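Look at the model below before reading on. This report goes through its helices first, then its sheets.

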Amino acid sequence: MDSTLIQHEVIDELAREAGVYAQVSAITESAMRGQLDFNQSLTRRVALLKGLKESTMANVAKRLNLTEGAQRLISNLKSFGYKTAIISGGFNYFGRYLQEKLGIDYVRTNDLEIENGVLTGREKGEIINAQRKAQLLQEIAAQENISLQQTIAVGDGANDLPMLAAAGLGIAFHAKPLVAQSAKHKISTLGLDSI
């Protein structure tokens, strides 16, 4: 499961708080359409957040709206014994927030560097890009002792394509045109619970 759990890009919300929404939004859209390398686009967007207070992330998290059907989907999957994961190019703070709220089993996301309560404008650790998402799906499947054919991946952007291709069932959910054209399965008009 990628950032499809929430209705808006978290980085856009952080950018609004930092007063750099237009710049970040343009970079995000280019990356989601596959026009920019994800690592470079993430680094450029995060750099624009330099100086933002860490407390802003808590305020943004409280305003997050779940995608229609997200809570029902996760609840149903868990009742059937499925393990769930957020594998996202988004940020750890928000992945952990959703993990706690929804009972997600795994969170694999990017991490923002914070010093003295302020974002430094840098990420720390490895970047979760398209290839890493597919690798993480494989790693989680191995940890759960299941084959990739038993996995389901859901995503909406170009950086989800390798993960969607690796999964037994890859679903483009309300996806960008490139992803909708490339994925074997897509949902364009219903909520996440339609999965």
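In this predicted model, helix α1 passes helix α4 in a right-handed crossing. The two axes come within 10 Å and cross at roughly 125°. α1 and α4 are therefore oblique to each other. From α1, the contact uses Val10, Glu13, Leu14 and Glu17. From α4, Thr56, Met57, Val60 and Arg63 take part. By type, the residues of this contact are four nonpolar, one polar and three charged.

**Helix α1**

Helix α1 covers residues 10-18. Its buried residues are Val10, Ile11, Asp12, Glu13, Leu14 and Ala15. An α-helix has 3.6 residues a turn, so residues three or four places apart point the same way. Gly19 follows α1, and its phi is positive, near 75°.

**Helix α4 meets α6**

Helix α4 spans residues 55-63, and helix α6 spans residues 92-102. Their axes come within 10 Å and cross at roughly 45°. α4 and α6 are therefore oblique to each other. This crossing is right-handed. On the α4 side, the contact involves Met57, Ala58, Val60, Ala61 and Lys62. On the α6 side, Tyr93, Phe94 and Tyr97 are involved. Seven of the residues in this contact are nonpolar, none is polar and one is charged.

| Helix pair | Axes come within | Crossing angle |
|---|---|---|
| α1 and α4 | 10 Å | roughly 125° |
| α4 and α6 | 10 Å | roughly 45° |

**A closer look at Val60**

Val60 sits in helix α4. Is Val60 buried or exposed? Its relative accessibility is 1%, so Val60 counts as buried. Which residues does Val60 contact, leaving aside its neighbours within four places in sequence? They are Val10, Glu13, Leu14, Glu17 and Phe94. Phe94 belongs to α6. Now compare Val60 with Phe173. They are 113 residues apart in sequence, and their C-alpha atoms are 23 Å apart in space.

**The sheet β1-β2-β3**

Three strands form an open sheet in the order β1-β2-β3. The pairing is mixed. β1 (85-91) and β3 (118-124) stand at the edges. Each has a single partner strand, so one side of each is left without a neighbour in the sheet. From one strand to the next, the twist averages 40°.

Strand β2 holds residues 106-115. Four bridges join β2 to β3, and these strands run antiparallel. Asp111 has Lys124 in β3 as its bridge partner.

A helix lies over this sheet. Helix α3 (residues 38-47) lies across β1, β2 and β3. α3 runs at about 170° to β3. Ala47 is found in α3. With 40% relative accessibility, Ala47 counts as partly exposed. Ala47 and Thr120 are 73 residues apart along the chain. Their C-alpha atoms are separated by 7.7 Å.

**The sheet β4-β5-β6**

Another three strands form an open sheet in the order β4-β5-β6. Here the pairing is parallel. Which strands stand at the edges of this sheet? They are β4 and β6 (185-187). Each has a single partner strand, so one side of each is left without a neighbour in the sheet. The twist averages 25° from one strand to the next.

Strand β4 covers residues 152-155. β4 and β5 pair in the parallel sense over four bridges. Val154 has Ile171 in β5 as its bridge partner. On to the next pair. β5 and β6 run parallel and are joined by three bridges. Phe173 has Ile187 in β6 as its bridge partner.

How many of the five residues of strand β5 (residues 169-173) are buried? Four of them are, so β5 is largely enclosed by the rest of the structure. In a regular strand the side chains alternate between the two faces of the sheet.

Methods. Residues are numbered from 1 along each chain as its sequence is written. This is a predicted model: local features need pLDDT of at least 70, side-chain atom pairs count only at pLDDT 80 or more; totals for chains, interfaces and linings use all residues. Side-chain values use heavy atoms; hydrogens and water are left out. Axes are lines fitted to C-alpha atoms, for helices over the stretch in contact, and angles run from 0 to 180 degrees between N-to-C directions. Helices (H or I, at least four residues) and strands (E, at least two) are DSSP runs, numbered from the N terminus. Angles under 35 degrees count as roughly parallel, over 145 as roughly antiparallel, 65 to 115 as roughly perpendicular and the rest as oblique. A crossing is left-handed if the near helix is turned anticlockwise from the far one by less than a right angle, and right-handed if clockwise. Contact means heavy atoms within 4.5 Å. Ala, Val, Leu, Ile, Met, Phe, Trp, Tyr, Cys and Pro count as nonpolar, Asp, Glu, Lys and Arg as charged, and the others, Gly among them, as polar. Buried means under 20% relative accessible area, exposed over 50%, partly exposed in between (1.4 Å probe, protein chains only). Two strands pair if DSSP finds at least two bridges between them.
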